[in-house]
Amino acid sequence: MFRMFVSSVIVATAIAAASAASATVITPVGVTASSEWGIWGPTHYRGINVINGSGLEAGLHDGDFNNMWLTWEGTSATLDFDLGADYQLTGINIWNYNSDIELERGAQDFVLSVSLDGVGYSQILAGSLSMGTGGLIPAESFALDGLARYVRLDILNNHGGAWVGLSEVNFTAVPEPAALPLLGAGVGLLGLSLRRRRA
Ligand SMILES: [Ca+2]
């Protein structure tokens, strides 16, 4: 009975570890914006500001425009993300443009496409974003189901004004393959324990 208990604990621990990993946040390793402001120094309103955690603390993004991305021209734009590896995506978190200079610059309608080679893309989501508030804002989260190394976010329009921008973007994905053998080992031990009990 003790062995059964220990095995159950192992299985429960393995499942808990796998579940916790399922909420793993994936921060892209690179981003390319079709347009970015970029005349006020190396970081102001650059695309990098949506993946470098700037202005983000405890899941909330601040209202400092230094921590955001904005187009140089146009109210539609494309952000191409490189996740650095293949992931089975479960969600995307988007913090909209959040400077009260002009909150209408925030993105509105968008479509999301994924790719494994950065060449052929498949659309897996169409959505809309709310305007920021200028204060601390949470992400707007959307469920995803797609295998991807590369993600393309096409912003179709904004809420008003001459430009469009965002504050931050990240993703969630299922557990890393390395977490799965642990779960398998736990189930295997339970099976071994049951066989011994019957003998
Ligand atoms: Ca940011």
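User: Which residue stands opposite Leu89 in β10, and how should I read such a pairing?

Analyst: The general idea is that strands of a sheet pair through backbone hydrogen bonds, either parallel or antiparallel. In this predicted model, Leu89 stands opposite Gly146 in β10.

User: How many bridges join strand β7 to β10, and in which direction do they run?

Analyst: Strand β7, which covers residues 109-115, is joined to β10 by 6 bridges, and these strands also run antiparallel. As one example of a facing pair, Ser115 stands opposite Tyr150 in β10.

User: Where does Arg152 lie, and is Arg152 buried or exposed, or something in between?

Analyst: Arg152 lies in strand β10, which spans residues 140-155. A residue is called buried when 20 or more other C-beta atoms lie within 10 Å of its own, and exposed when there are 12 or fewer. Arg152 has 19 other C-beta atoms within 10 Å, and therefore counts as partly exposed.

User: Which residues does Arg152 touch, leaving out those up to four places away in sequence?

Analyst: With those set aside, Arg152 touches Thr78, Asp80, Ser113 and Tyr121. A related reading compares sequence with space: Arg152 and Phe81 are 71 residues apart in sequence, yet their C-alpha atoms are 6.2 Å apart.

User: What share of the contacts in the chain join residues at least 24 apart?

Analyst: Among contacts between residues at least 6 apart in sequence, 79% join residues at least 24 apart. As for burial, 30% of the 199 residues of the chain count as buried.

User: In what order do the strands of the open sheet stand, and which strands are at its edges?

Analyst: The open sheet is formed by 3 strands in the order β3-β4-β9, with antiparallel pairing. β3 (56-57) and β9 (137-138) stand at the edges, and each has a single partner strand, so one side of each is left without a neighbour in the sheet. Looking at one of these pairings, 2 bridges join β3 to strand β4, residues 60-61, and the bridge partner of Leu56 in β4 is His61.

User: How many helices and strands does the whole chain have, and in what order do they run?

Analyst: The chain has 2 helices and 11 strands. Read from the N terminus on, the elements follow the order α-β-β-β-β-β-β-β-β-β-β-β-α.

Methods. Residues numbered from 1 in each chain as written. Predicted model: local features only at pLDDT ≥ 70, side-chain atom pairs only at ≥ 80, totals over all residues. Helix = DSSP H or I, 4+ residues; strand = E, 2+ residues; numbered from the N terminus. Contact = placed C-beta atoms within 7 Å. Pairing = 2+ DSSP bridges.
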